Amino acid sequence: MTLPAFRPLSQRFSLFSLQIRCTAWMGVCTWRSFSLVVWVLAISCKGADRADPLPSQSIRSFELMEGFQIELIASEPLVADPVDMEIDEYGRMYVVEMHGYPLDVTGTGKVKLLEDTNGDGIMDKSTVFADSLILPTGIMRWKQGVLVTDPPHVWYLEDTDGDGRADRKEVLLTGFARSNPQHNVNSPRLAMDNWIYLGHEPAVTTNLFEELFGDGGSEVHFPADAEGIRLPVNAGGRGVRFKPDAYGLELLSSRTQFGHTWDAYGNRFLVNNNNHVIHEVMRAEYLGRNPYFPVANTTHSVSDHGHAAEVYAITDDPEHQLLTDVGVFTSACGPMVYLGGAFPDEFEGMFFVNEPVSNLIHADRLAAKGATFAASRLLEKEEFLASRDAWFRPVNLYVGPDGALYVVDYYRQIIEHPEWMADEVVNSGALYNGTDQGRIYRITPTGTGKMDWSGRIALGDASTQELVSYLDHSNVWWRKHAQRLLIDRSDRESLPKLQGLARDDSRKLGRLHALWTLEGMGALTEDLIQSALASAHAGLRVNAVRLAETYLPQSAELTERLLTLSADADPKVRFQLLNTLGMVEGQAVAETRQQLLNKDLSDEWVQVAALSAAPDQVRTMLPSILGAFGAGTLERASLVRKLGRIAGMEGEKVADLVDQAIAQPAKPWQGPLLAGLNEGLRGRLASISFSDRQLVALKEALFVHPDVTVKTALVQLVEALGSSRIGLDAEEQARAKVLATDRTRSGEERAVYVRLMGLRPDPGFDEMQWTWIGGVEPLPVQVAALRQLAHSQAGVFQDQLFTRWATLSPELREASLSILMGSREYIAGLLEALDQGVVHPSHLGWPRTVQLMNQKDLALKARAREILTRHEKEREEVLAQYAEALTLEGSALAGTKVYEANCAVCHQMGKDRGQVFGPDLASLRNRRLENILSDILDPNLSIADGYDLWSIEMRDGEVVQGLIASETPTALSIRQAGGVERTLAREEIRQIQTLGVSAMPAGLEAGISKQEMADLLAFIKGG
């Protein structure tokens, strides 16, 4: 097909890395045709004319962990462009081929059946089972056919006449976006709980290929159930689970990019480009029970070696891939918890994940850690499997009936999308290099015999009694297929044997699958659950607690039995119990919840689980926690703050709680309680009544309470109430003035009284505050003074401020700009200061630049564009000037100091350095120096996945800007500079939109010399 010309960019994007959240900012096209805001992985197309190695040669490029062997079982021409596979109960291998990537939507995708007809352990026959698919991404055996994800649909394909070709093709589920292929629905998987789970994330807007990939989806639904459940458009970008037979359809609490996997006990793990192992801690069914406690995050990153963890590639000719020997995760996908039973015992439950950009497979050990897990490297400074072949692209893993680990190799030269490629790459003709190739490998322990299952399995013909015995097989492949077949048959004659297995604690995996099989057949009894709750195996007890929800809250007997588990030795049992008890009410339940919370208070997830119960069950917790607070800990303070927020949002007994929070003698919980109340009361104070006595007590506490955290929270409450409800008399004002100017007090305490002075005008004090701005007063005092002066001296504020601009610290400048962007008059003055050169454009940061250039006021908008487009030429000149830094020898040691001074406030360097806000700089180590330099000097050329800036307008008029750290259907967690996070309930949000910009300001070169830049580059590359 003919490809359009592209804007020359050195950055590109990986199909299976799912690395980029891409957005084009089209609203500023008068000064820049568009700004592609993507943070991407560089890859070179040199070598496009290389001689492709034969499969037999390519396998010799592997380095595999000692004790294992790898063999090729399928390759071109039998298979090409494979992205997923399935082996059914008869030993038939289905392989999904995605030929259309990146731009072909004409229907070239296929599903093939592969067979080994001569028994030599290598596939030798290929049949096209289905074709005319667009961009298929996954497959799963179901009923007598397969489910295939091919957005916007999930297809059911079946061969009804036995000729090896699907003659029945039905849309089972539909509504998913067909956007940029790396973000489409994928990986249908039948979990042990009898739901089918889909990997899914939000659609990503395409700019150059909108006609091909501009479909944002529709309501997700079953076409055969027109009046049934309908999820939001494209499922709101969240994961989905469904039950086709019952038309069950639900949103999940999380999302994953390409692939997901489960351990033996049903814990689900996800991936996200540079974050290779994520645990879904909170299930969706536990969210939304408490409308006053919106949960913004339900997942936990469990790697103990950090985000953008280092990987150890061995790829030959690294200029092709621009990778060094030590790279980082940029393309994690297709994860698999190994449960095959054929590897050595220590590998059972091992977490494997692909990294196709670095041509390797990584392995981590999973270890329980409270309510979640910790993942640690299996190998130090090497990988389980790595290849010297730059075209080796492992994208999926599969455990077969023989317990082998099968590797799906997409085998392409380029897996980036042309949306973000340079002209020379697109025009090289290399976009589809490898599309006629593809490999599937088999990894087994050394000495294992050849593959012998193809067409030689008859599990589908097994008797019902035989299927029950397979539920206890050491290999999960047999267990999951036997469970599915038993539920499909729903043979009541199997019940006695299933019930017997469901009581047999000596066969723990068989017992677990028997319980869920009975659940799927609608034959699980309370008695069986009661029995399972007494299992010696913690994982079984966790599942038994979850299964008990079938009978809650109706069963008092089962509830009583559950309460006895409060002393369980396993933290995951206690955590699941907390979640499950949220469905039940009663005094005994409340007491048990409190016991569980007290026991595991240091685990943040336990706090979330306890507070996610219905409001009636949470209200009683606060008095108990306050009574047992003692000297206090960070964990207790965190819990009190959450409970205070709940109380504030609910609006009951707020005045009484405030009384407790200011009472003396002082208690260590008072500050966290007041802070939480403030958060919950935001926008709700008008409906809260305070008596005159209480208002007087509030003011007095501001002067006499010994805890500055209480005073800080209290002055925030007083400001929110306003001078019309709580004013200062002359004596109180004089008192506040003395304290505000008392240099023997801390800056935080003085800031409280500066803010308090704002309740009553005092021109003399205003003049004094101006002398503080840009001086030596503590930063909290100056920031508080700025905010008060903006209110009390609005008429002269800008003139006074701009005369002091050169003396302002970066923090004070930020505070000033936040104020200036708040009104039309201030914006007009800011533009004048920019025009006069008093304020440099680099001071604004890119988000404010975009805001100024997109003002609703057309006159201000035109003025801003006229002034700020001058800066674009300056950036080009700066890039040219700093090219010299690429030729200088840099010192990583000296670069550490440059990083600490300029970057650490917003960027981590690995897990131990810096603040979590912008991307981890460790993720840049494998990029070209010139690309790193460009990102530093012109950060708005690209934005890393998840690091685009968002603007959220609250219903009370407040505008919050930051990165979306996490989100659920009920809340967003917004991360702001310095690593500060704030949770926003969706019901409080009026509007949310991406600004399509980087949170990193341009203009850093003003404080960094060319040699220091060379040092910084050396530090980023070398660590």
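I take exposed as over 50% relative accessible area, buried as under 20% and partly exposed as in between, with a 1.4 Å probe and protein chains only. Helices (H or I, at least four residues) and strands (E, at least two) are DSSP runs, numbered from the N terminus.

The model is predicted: local features need pLDDT of at least 70, side-chain atom pairs count only at pLDDT 80 or more, and totals for chains, interfaces and linings use all residues. Residues are numbered from 1 along each chain as its sequence is written, and side-chain values use heavy atoms, with hydrogens and water left out.

**Entry 1: α21**

I listed the buried residues of α21 (residues 730-740): E732, Q733, A736, L739 and A740. They sit on the same side of α21 because they cover an arc of only 125 degrees around the axis; the arc is taken from the directions from the helix axis to the C-beta atoms. I then looked up what these buried residues pack against, and noted α19 (692-704), α22 (747-757) and α23 (763-772). Contact here means heavy atoms within 4.5 Å.

At the N-terminal end of α21 I found D729 as the cap, with a side-chain oxygen 3.2 Å from the backbone nitrogen of E731.

**Entry 2: the sheet**

I noted an open sheet of four strands in the order β5-β6-β7-β8, with antiparallel pairing. Strands pair if DSSP finds at least two bridges between them. β5 (82-87) and β8 (125-133) are the edge strands, each with a single partner strand, so one side of each has no neighbour in the sheet. From one strand to the next the twist averages 20 degrees.

For β7 (residues 109-115) and β8 I recorded six bridges in the antiparallel sense. K112 stands opposite V128 in β8.

**Entry 3: aromatic pairs**

I paired rings of Phe, Tyr and Trp (its six-membered ring) with centres within 6.5 Å; planes under 30 degrees apart count as stacked, over 60 as edge-to-face and the rest as tilted. By this rule I have 25 aromatic pairs.

The F392 and Y441 ring centres are 6.2 Å apart with planes at 75 degrees, so this pair is edge-to-face. F392 is in the loop between β29 (385-387) and β30 (394-399) and Y441 in strand β32 (residues 439-445), so the pair ties together parts 49 residues apart in sequence. Both F392 and Y441 are buried.

I also checked W477 and W478: their ring centres are 4.9 Å apart and their planes at 75 degrees, so the pair is edge-to-face. W477 and W478 are both buried.

Last, I noted a cluster in which ring pairs link F68, Y338, F343, F347, F352 and F384.

Key:
A polar contact is a pair of N or O atoms within 3.5 Å; within protein, one must be able to donate a hydrogen and the other to accept it, and residues adjacent in sequence count only if both atoms are side-chain atoms. Axes are lines fitted to C-alpha atoms, for helices over the stretch in contact, and angles run from 0 to 180 degrees between N-to-C directions.
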